[in-house]
Amino acid sequence: MLEIEIDGKQVTVEDGSTIMDAATKIGAFIPHFCYHKKLSIAASCRMCLVQVEKAPKPLPACATPVTNGMKVWTRSEQAIKAQKGVMEFLLVNHPLDCPICDQGGECQLQDLAVGYGGSQSRYEEEKRVVLNKNLGPLVSTDMTRCINCTRCVRFTTEIAGEMELGQAFRGEHAQIMPFVEKTVDSELSGNIIDLCPVGALTSKPFRFSARTWEMSRRKSISPHDSLGANLIVQVKHDVVKRVLPMENDEINECWLSDKDRFSYEGLNSDDRLTVPMLKQDGAWKQVDWQSALEFAANGLRKAAKENGPAAIGAFASGHSTVEELHLLQKLTRAIGSDNVDFRLRQSDFRADSFRQGAPWLGMPIAEVSALNRLLVIGSFLRKDAPLLAQRVRQAAKRGLHVSAINAVAEEWLLPVKNRALVAPSAIVPMLLQVVSALAAEKGVQVSEHLAMAVPSTVSDEARAIAQSLASGKKVAVWLGNFAVQYEAATEIQLLAQEIARLTDGTFGVIGESANSVGGYLAKALPIVGGLNARQMLEQPRKAYLLLNAEPDLDFADPIAAQAVLSSAPLVVALSAFKSPALLASADVLLPIAPFTETSGTFVNCEGRAQNFNAVARPLGETRPGWKVLRVLGNLLDFDGFDQNDSEAVAAEVLGAEIAPRLSACIAGMAFAYSVQHTDALERVSDVPIYAGDPLVRRAASLQKTRDARAPAVRASSVTLAALGVPSGARVRLKQGAAAAELEIVADDTVAANCVRVAAAHPATAVLGAMCGQISVERV
Amino acid sequence: MSASGLILAGLDGDRTWGLHDYVARGGYSALKKIIAEKIPPETIIAELKASSLRGRGGAGFPTGLKWSFMPRSFPGAKYLACNSDEGEPGTFKDRDILRYNPHAVIEGMTIAAYAMGCERGYNYIHGEIFDVYQRFEDALEEARAGGLLGQNILGSDFSFDLFAHHGYGAYICGEETALLESIEGKKGQPRFKPPFPASYGLYGKPTTINNTETFASVPFIINMGGEGFLNLGKPNNGGTKLFSVSGHVNRPGNFEVPMGMPFAELLEMAGGMRGGRKLKAVIPGGSSAPVLPGGVMMDCTMDYDSISKAGSMLGSGAVIVMDETTCMVKALERLSYFYFEESCGQCTPCREGTGWLYRVVHRIEHGLGRPDDLDLLNSVTGNIMGRTICALGDAASMPVQSFIKHFGSEFQYHIENKKCLVPPEVQYQGSQIYVRP
């Protein structure tokens, strides 16, 4: 620890601290531009120059290490003179166009110029003009305003993992630009807008639509991935204008993924369902709430009466709130049916009755930084959980060794020490080998229920992964979305759990959606022998409730879902949006509020319940989903549907402590697996980052990004050669009776004998299940 | 080029850069002596300290002291770098050393690597002298073939790999940490210090960087002893030094002379003033050094202490001589343009300030000066100096301050009369291409 004095105040700081750290500790503000607590030190803006005893010249506070007994003055004459001098230089080539600048009112340069700038410029020469750059559909540029602080450059390099921006040219000609003819395509790109201390990088979707002081700032929680990023939603006249990060070091730090940040554009899309609708004689017409709710209640009552309560089934999306999921299962169970599920993209439910709790990450998100070994199985980590991937990236810089087993070697922009690239059907055999090698490394017995299945010969890849994990002190094993959605998910989980046991590590599931954990806690799944999501499609019901889900894009098998739902006598859909597939399947549409127009709770992957309030009035006649479900309960004369507010609903689920209810483990289940060698091509599906839920699918700017391009079929060049199909050719894909025509491209990140075909996209929604056999032939 | 002194001695033949030429001049005897006698590294550093050799790149930092900063017991790689990125206007000595005596640099670097325990070295050569880079590569090949470089040098257990690296002509890459960034393949921009290269240098490893001439002096120091080298010059200013004399003299070129030689003698060696004109001003240490009036300069001796006392710097030893036909405003305009173009753009005062300085000087030169422009220039340079990551900001400011200090009346005349104090026809005479008589 070091003792120093800043502006006469004594402060004790850790060794290696800078003057800026010490000043922050005592709350002394030192003006700065290039310095940012999460980025490396550039020391280039020179705004934070301060006076230090015995130093002949002012020193930058951000980069000067503290020494014991140091005396610093941040507002002495020498310091102020230096700071004012730098401010003058920053402004000589700045256009001073604040009245037409989107950053006006929230601009660090503007704010500091008030304190440190002159009232009149001494610079009367020509000013520099810098041409704007096309950074893609999300970030708008006015590069003449740039002060070359390089925060954006350091962000893309250090946090996003790929240097997509750089400072080209020298001196006054220096300018920030992407690589030639390239845009900034990172899934974290929006953060450079927050980081930019001037109006050089601003939000393209938000541009010129409001001034910062005109908007209310309201807290919320992201409804997308399982991280549950904390948001500040900015609202003007009940319209969401912009989403910014709410800093929370334990979850999203000061960052947001682009999905969290820009999905708000979907809130007011033309697809919004604003009035209840009823299908009568095949034609849709708008009705009042009373008629719609009575129709739904009567229909459900009639179906249950005529065919028994088990004829009712309920599907919910994992992006629904805890309150919605709880009332949906409560309603279904009150009717007398156990047929309810929120895991619409899963296909293997064999482990359900052996689960020890709600599958969660197995550890707090913030502890990722303390890991030193990590095995990620079946995950498109970077696109499925961008900020979790970012945490892993930072941990990897500090020595975390990452191993991955998947059918696609997605570029994670972090060093992956060991990677096993295998077809989906070979993931379980690979894990068995890892278990075998790990037991040998550790000199420990494999658990009894697995002992018979474990092979004696082990591949080099499996051994490398086992050795890496065996040498770890703090190990975690995570299952990604693909592993959970795959048809052998149970075996994968059993083996992953065994690997965690052998390494004394934690075992967890990353989780697909904002309420992957909350859905389990709310019991929005069969518990007394009811039908799960897959069975409800295999054994069609007479009436379905559908919550926040679209039949063609949110199910593991979109063909089956559309067929079953459109032929069911009654489908009551609660949705914020309407879509052709929903209009074709449903019989009554109840407009419910998206996350910005209702209060609710999401439980994130670390088991943290985060509740939020509505930030805007519901659009049109939209009502919060939990209220609609409560009224349905009232209309059906069920008890327990008299909650006055969403807190009361949430309390029924979250009243008891959450932690004891969390466990990714399966217990008491036999391991019955025989290796089935197959020569057939296998389908691997990812859910593209901007296709995962109804809201993000309608976010216009996100849909213009490279990540949202129409999916092509991807296969390795080896597979293409075996098929005799050249890259770029159009092919016909066949899955059972379903077929689609798409372009095929060579992609050596895909395991041999597999084709990668994205799910949740209209172009592939005609194909059927997310995994399984598929055939490819040239058109 | 004068073929006297130590480094330049005997370089007046047709072909002087080959290995056998260098050996014939007594080359590699210092390295052989060190290897044969197993001289301990501490002894070599002590000799360097005794020689009072100061860095020849411009800053004049004592070389022996710099070498002693390298952590001896550091586990893992340590690097050595030679700064041959000679881009300072007026300086052209390293080019001639590498062109005519490359093995002196190789031998000096090898001895340095031995003394500091470096396993790998790089010679960063200015991009605009590509032929010199090629010649240095040839010299490296000869040395490797002769067992003087590479694994087990001269049969000992000492190994040292040396590589040439050519830049692309950016002046800023002559700043030692920008040079390291450039070797690493990044944009040449100075690093913030601390940490200094001795603890965190090339690829994050301890690194020592010296100028070409500094390394070339090392073999001579080993051969004649630190004391002998010191005695060639003055106390605290040991040895001989190369001066690149340019401008309005009869015989511009490189002259290696003992430290402390009167400027008047150096001027005489360079053939005296061109056309017998009157000496007006001298920049004694490259364009970054403050200009001195001719009269002041004639009383100086050519060593660090004397020039510093007169208010300038010996710098890299680039002596720019200007006679009475020179318009000082135009001269400054050219210098300011250089710094404006060569600022790396990383930190604010230099990026924005050098352009401002140039534009104001340009305006004065073109008859658009304003009464308060000189105060403005002094204020702006004051805001740049000492506020930047590297010394380029200071280097851009010092000429402006010194030109105004010593020739302020000429600037005033420009501002008030919208024309030059030195009549255009006189300037024209002075600018004629000169043919040596």
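UniProt, in an unreviewed entry, lists residues 215–271 of chain A as "domain: 4Fe-4S Mo/W bis-MGD-type". In this predicted model, that span is 9% helix and 35% strand, and its end C-alpha atoms lie 25 Å apart.

**Extent of the interface**
- Contacts link 33 residues of chain B with 37 residues of chain A.
- About 2900 Å² is buried between the two chains, 51% of it on carbon and sulfur atoms.
- E352(B), W356(B) and R387(B) supply 24% of the area that chain B buries against chain A, more than any other three residues.

**Polar and charged pairs**
- Between chain B and chain A there are five salt bridges.
- R370(B) pairs with E124(A) in a salt bridge whose closest N and O atoms are 2.9 Å apart.

**Make-up of the chain B side**
- Helix 13 (328–342), helix 14 (348–365) and helix 15 (373–384) of chain B each give two or more residues to the side that touches chain A.
- Helix 14 of chain B provides the largest share, 10 residues.
- By class, this side has 13 nonpolar, 11 polar and nine charged residues.

**N93(A)**
- N93(A) is placed in the loop between helix 2 (77–92) and helix 3 (108–116) of chain A.
- Because its relative accessibility is 1%, N93(A) counts as buried.
- Within chain A, the side chain of N93(A) reaches the backbone nitrogen of R128(A) at 2.9 Å.
- Towards chain B, the side chains of N93(A) and E352(B) form a polar contact of 2.6 Å.
- Residues touched by N93(A) include Y123(A), T144(A) and E172(A).

Technical notes:
Residues numbered from 1 in each chain as written. Chains lettered and ligands numbered in written order. Predicted model: local features only at pLDDT ≥ 70, side-chain atom pairs only at ≥ 80, totals over all residues. Heavy atoms only, no water. Helix = DSSP H or I, 4+ residues; strand = E, 2+ residues; numbered from the N terminus. Buried < 20%, exposed > 50% of the residue type's maximum accessible area, 1.4 Å probe, protein only. Polar contact = N/O pair within 3.5 Å; in protein donor to acceptor, adjacent residues only side chain to side chain. Contact = heavy atoms within 4.5 Å. UniProt positions renumbered as here; feature names shortened; annotations may be inferred. Buried area = accessible area lost by both parts, 1.4 Å probe. Salt bridge = Lys/Arg side-chain N within 4 Å of Asp/Glu carboxyl O. Nonpolar A, V, L, I, M, F, W, Y, C, P; charged D, E, K, R; others polar. Lists of a residue's contacts leave out its neighbours within four places in sequence.
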